[in-house]
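Here's a walk through the fold, starting from the core and working out to the loops. Have the viewer open alongside.

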Amino acid sequence: MSLHHCSPINWSQATPTPPGEPRERQRGRRRARPLAPAGGRSTRDLPPPDLAMQQQRPPSVRAVTIPFADLEDKGKDLSGKIGGGFGRQGLGIVSIADVPGYPELRKRLLRLAPRVANLPEEVKRGLEDPNSRYNFGWSHGKQKFESGKFDTFKGSYFANPLFDVPTTDDVLLTRFPSYCRPNIWPTGDLPELETAFKDLGKLMLEVGLMLAHHCDHYVMNQGVGQYIGESLGQTLARSRCHKGRLLYYFPKEFSKQKDGQSISSWCGWHTDYASLTGLTCGLFMRKSVEIPCPDSGAGLHIRSRDNQVVKVTFENDELAYMTGETAEILSRGHLRATPHCVKAPSSEDASLVDRSTFALFVQPNWDEKIKFPSGFPYHQELSIPPNETLAYGEYSERLLNKHYEEART
Ligand SMILES: O=C(O)CCC(=O)C(=O)O
Ligand SMILES: [Fe+2]
């Protein structure tokens, strides 16, 4: 299971909601047949993999795109676009075009991902932080993937792009280590990483907050009415624990993967537990030379609201955002968490091809109170009673504790 910011999906337990049907009506429904490769804790309770589905090439769908000039206009009515991207019929992803300065910052950081991953092993060990369960600094093979295998296909570098030291309060550091511990930077070995990471992370946060503002408008127009102190925009703007993740997907040969045909061959099916996940378009390289992706079927895949698996595309120079579990909670179900995974290239000429990308988890502060609605479909293993209020940090630490125990056993 995951140790990082996301919840692997066990498809045999997931109960997809048909479009338009309130989730409450779903409770008690028999398990639906999974559409995607099984993922989760145990292989024992999974139905046989649907090989036909795995080998089929899912259709490519373009993400709904909003021009930055529209997004920064707070008074502009973007309900159509937000509804089309994040609403009931949307894919759960929206891309923003023409963000000033973004293409350069993206390339500057993504080009550093292979350099981090190829630092000497002893240097990378010095950049690890077991006390945060590898939620700061370098992390490789610490996360459990589908079917309980350790995920060695990708390496990650985690940091808070805004605060090197989010707090000095010992109680908080002990209670919420994955959010409160200090950043680690490879100052001697790759000094340029820190600025490149912080600059892109800050820009993605700024754009994410603009998007959150328009999401709030959309949700209020759905008849929810005025928020009482829990709007996405306000909740996210006061947070000190947004987290950046620089990802490096190793070339196939080095990752020893045998399941090249599977849709989730590079990153397993999961939902993020942040509110909004900012995502760059992946940068592909072969032997340090940037190339277009050699396999048009590779990349980010999403399970749509009507249970179709689709490959989602957006331009290199666009900045994408997906919705996570706490957007679903704060919007009272009007925005849904987006199930997603990443497929590795599997064509003949895909050997030695790596992929670098960056995710920014825009999320509430550790002490922000989250009220779990009845019928909340995620993490039933935590047995959170309906309508219980938990601090966001408590929610994620409970998940980390549970998965850390599992990963050790
Ligand atoms: O590599 C990607 O495009 C997605 C990464 C992701 O889903 C995550 O880090 O949570
Ligand atoms: Fe994710």
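## The core

The largest nonpolar core has 92 residues, and the ones with the most contacts inside it are Leu109, Leu211, Cys215 and Ala320. A nonpolar core here is a set of buried Ala, Val, Leu, Ile, Met, Phe, Trp, Tyr and Cys residues joined through C-beta atoms within 7 Å. Helix H9 (residues 192-224) gives the largest share of this core, 14 residues. A residue is buried if 20 or more other C-beta atoms lie within 10 Å of its own, exposed if 12 or fewer, and partly exposed in between, with C-beta atoms placed from the backbone.

Keep in mind that this is a predicted model: local features need pLDDT of at least 70, side-chain atom pairs count only at pLDDT 80 or more, and totals for chains, interfaces and linings use all residues. Residues are numbered from 1 along each chain as its sequence is written, while chains are lettered from A and ligands numbered from 1 in the order in which they are written.

## The overall picture

The protein has 13 helices and 18 strands; these are DSSP runs numbered from the N terminus, with helices being H or I of at least four residues and strands E of at least two. Of its 409 residues, 49% count as buried. Among the contacts with a separation of 6 or more, 78% come from residues 24 or more positions apart. A contact means that the C-beta atoms of two residues, placed from the backbone, lie within 7 Å.

## Two leucines side by side in sequence

What does leucine 109 touch, once its neighbours within four places in sequence are left aside? The list is Ala196, Phe197, Leu200, Leu246 and Phe358.

Leucine 110 sits in helix H4 (residues 102-110). It counts as buried because it has 25 C-beta neighbours inside 10 Å. Not counting residues up to four places away in sequence, leucine 110 touches Thr280, Leu283, Ser356, Thr357 and Phe358. For a sense of scale, leucine 110 and proline 177 are 67 residues apart in sequence and 27 Å apart in space, C-alpha to C-alpha.

## Strand E9, covered on both faces

In a regular strand the side chains alternate between the two faces of the sheet. In strand E9 (residues 276-279), Leu276 and Gly278 on one side and Thr277 and Leu279 on the other are all buried, so both faces are covered.

E9 pairs antiparallel with strand E14 (residues 319-323) over 4 bridges, where strands count as paired if DSSP finds at least two bridges between them. Another 4 bridges join E9 to strand E16 (residues 353-362), also in the antiparallel sense. Threonine 277 takes part in both pairings: methionine 322 stands opposite in E14, and phenylalanine 361 is the bridge partner in E16.

## The six-stranded sheet

6 strands form an open sheet with mixed pairing, in the order E1-E8-E15-E12-E13-E2. Strand E1 (6-8) and strand E2 (60-62) stand at the edges with a single partner strand each, so one side of each has no neighbour in the sheet. The twist averages 40° from one strand to the next.

E2 and E13 run parallel and are joined by 3 bridges, with arginine 62 partnered by threonine 313 in E13. Strand E12 (residues 299-303) and strand E13 (residues 309-313) pair antiparallel over 3 bridges. Arginine 303 stands opposite valine 309, and histidine 301 has lysine 311 as its bridge partner.

## Two loops with positive phi

E12 and E13 form a hairpin with 5 residues between them. Asparagine 307 is partly exposed, with 17 other C-beta atoms within 10 Å.

Serine 288 also has a positive phi of about 70° without being a glycine. It lies in the loop between strand E10 (283-286) and strand E11 (289-291). Is serine 288 buried or exposed? Serine 288 counts as exposed, because it has 10 C-beta neighbours inside 10 Å.

## Around ligand 1

The residues around ligand 1, with a C-beta atom placed from the backbone within 6 Å of it, include Cys6, Arg245, Asp272, His340 and Thr357. Strand E7 (243-249), strand E8 (267-272), strand E15 (340-343) and E16 each supply at least two residues of this shell.

Notes
Axes fitted to C-alpha atoms, helices over the stretch in contact; angles between N-to-C directions.
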